[in-house]
Amino acid sequence: MRIEEELKLDFQDVLIRPKRSTLTSRSEVDISREFAFRHSGRSYRGVPIIAANMDTVGTFEMARALGQFQMATALHKHYGEAELVDFFRALPPAATVFYSMGITREDYEKFCRVKQLAGDAVAHVCVDVANGYTKSFIDFLQRLREKHPQITLMAGNVVTGEMAEELILDGADIVKVGIGPGSVCTTRKMTGIGYPQLSAIIECADAAHGLGGLICADGGCTSPGDLAKAFGGGADFVMLGGMLAGHDECMGEVAEQDGGRKVRFYGMSSRAAMDKHAGGVANYRASEGKEVLLDYRGPVEATVQEILGGVRSACTYVGAHKLRELSKRTTFIRVARQLNEVFGQS
Ligand code: 5GP
C-alpha cells in the first residue's frame with residue numbers, strides 16, 4: 001500500500017485569479033477553437049462543448065439544437081441502425097456529432113453497418129467504457145484505429161497522465177477524462193475509485209498535449225464557472241450531462257410532482273438505465289449510477305446562452321481574447337470557500 005500525499009483538486013477547491021486585460025466587452029471574445037486531430041488528420045472548428053452520450057442528453061434533438069451554436073453532441077448508443085443512418089445522412093457537413101459505442105463485438109458490427117451506409121458523415125466516434133484501464137479496451141481501440149484511419153476517435157475514460165498517453169499512442173485523437181465526478185454517478189461511493197476532476201484534467205492535458213493529442217473533460221461541471229475552470233486547466237473539450245438535462249431536447253419522461261413538471265435523468269449504469277436497455281442489473285455487478293427527478297427546464301437554448309456567456313465572461317476577466325488563450329492566462333488560487341449561499345445555492 002502507498003499513499004500519495006500531494007493534494008489533488010476539484011472545481012470547488014479553486015477560483016481563477018482575475019488579470020489585467022485590454023478587452024472591453026465579452027462580445028469581443030471568440031470561444032470557438034480550431035484543431036487538427038493527430039490521427040484522423042481532420043480539422044475541427046467549433047465551440048468545444050459536447051453533450052454527453054447519455055440516453056436523455058445525447059439525442060438527435062440535442063444535436064440539432066446545439067449545432068446552431070457550433071457545439072457538439074455525442075449520441076447515446078441505444079438508437080437503432082436505420083435512424084442513425086438517416087440522421088447522419090442528413091447532417092450538415094460542418095456539424096460535429098459523435099457516434100458512440102462500447103467495445104463489444106455487437107457494438108463494432110453495428111458501427112460498421114451504420115458507417116457503411118452513412119459513409120463519411122460518420123466522421124467522429126466516441127468509444128466509451130467506464131474503466132479505460134483494461135487491456136480489452138486498448139486492444140479494441142488499436143483495432144478500430146487500424147481499420148478506420150480517417151475517423152476522429154475520442155476514447156476513455158481515464159484520469160491519469162500515463163494512461164492518457166497510452167490511449168493517444170493507441171489511436172485516440174481525444175482522450176476522455178473523468179472517473180467518478182458525474183452528477184448521477186455513484187462509482188466513488190460504490191468502489192472508492194476516482195480522482196479529483198480538476199487535477200485529472202490538468203495532468204491528462206499536459207500528458208496528451210505533449211504527444212499532439214487532445215482531452216475532453218467529462219463530468220462534474222455544475223455551473224458555467226466549472227467549464228471555465230476545466231478549459232483553464234487545459235481541457236480542449238468539455239462534456240456535459242447534468243447541465244444539459246431536463247430540457248425539451250432530452251426526450252426524457254416527464255412526471256408531475258407537487259404540481260410541478262419533472263424530468264427523469266439517470267446515469268448510464270444506473271438501475272434505471274440497465275432496466276431499460278439490458279433487462280435489469282446483472283447479478284455480478286452493482287449499479288454505479290443513480291436516477292433523479294429534475295425540474296423541467298424548457299428549451300435548451302437559454303441554458304446554452306448562459307453557459308457560453310459565462311465562459312466568455314471568464315475569458316474577459318483574465319484577458320483572453322480567444323478561448324485558446326484561457327489556459328495560458330489562468331492562475332488558479334486554492335480556496336476554502338467560494339460561494340455566498342445566504343439565499344440558497346442557486
Ligand atoms: P455530469 O456532466 O452529469 O456531471 O457528468 C456526465 C458524465 O457522467 C457522462 O458523460 C459519463 O461519463 C458519466 N456517467 C453517466 N452515467 C454514469 C453512470 O451511471 N455511472 C458513472 N460512473 N458515470 C456516469
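The model is a predicted one, in which local features need pLDDT of at least 70 and side-chain atom pairs count only at pLDDT 80 or more, whereas totals for chains, interfaces and linings use all residues. Residues are numbered from 1 along each chain as its sequence is written, and side-chain values use heavy atoms, with hydrogens and water left out. Helices (H or I, at least four residues) and strands (E, at least two) are DSSP runs numbered from the N terminus, and two strands are taken to pair if DSSP finds at least two bridges between them.

**Barrel**

- Eight strands close into a barrel with parallel pairing, in the order β4-β5-β6-β7-β8-β9-β10-β11, and the twist from one strand to the next averages 25 degrees.
- Strand β4 (residues 49-51) and strand β5 (residues 72-74) run parallel and are joined by two bridges, with Ala51 standing opposite Thr73 of β5.

**Open sheet**

- A three-stranded open sheet has the order β12-β13-β14 with antiparallel pairing; β12 (254-257) and β14 (291-295) stand at its edges, each with a single partner strand, so one side of each is left without a neighbour in the sheet.
- Four bridges join β12 to the antiparallel strand β13 (residues 260-266); Val254 has Val263 as its bridge partner in β13, and Glu256 stands opposite Arg261 in β13.
- The hairpin of β12 and β13 has two residues between the strands, and Asp258 there takes a positive phi near 50 degrees.

**Helix packing**

- Helix α4 (residues 135-147) packs against helix α5 (residues 161-169) at an angle of about 30 degrees, with the axes 9 Å apart; axes are lines fitted to C-alpha atoms, for helices over the stretch in contact, and angles run from 0 to 180 degrees between N-to-C directions.
- Where these helices are in contact (heavy atoms within 4.5 Å), Phe137, Ile138 and Leu141 of α4 meet Met163, Glu166 and Leu167 of α5.
- By class, that contact of α4 with α5 has five nonpolar, no polar and one charged residues, where Ala, Val, Leu, Ile, Met, Phe, Trp, Tyr, Cys and Pro count as nonpolar, Asp, Glu, Lys and Arg as charged, and the others, Gly among them, as polar.
- Helix α5 also lies across β8 (152-158), β9 (174-177) and β10 (214-218), running at about 155 degrees to β8.
- Helix α8 (residues 224-232) packs on the sheet and touches β4, β10 and β11 (237-240), its direction making about 145 degrees with that of β11.

**Ligand site**

- Of the 20 residues around the ligand, Ser183, Thr187, Asp218, Ser269 and Glu288 come nearest, a residue being near if one of its heavy atoms lies within 4 Å.
- By class, this shell has six nonpolar, 12 polar and two charged residues.
- The protein covers 89% of the 520 Å² of accessible area that the ligand has on its own, with areas taken from the Shrake-Rupley method and a 1.4 Å probe.

**Backbone details**

- The peptide bond from Gly156 to Asn157 is cis, with omega near 15 degrees, and Asn157 has its place in strand β8.
- Gln70, a residue other than glycine, has a positive phi near 60 degrees and lies in the loop between α1 (60-67) and β5.
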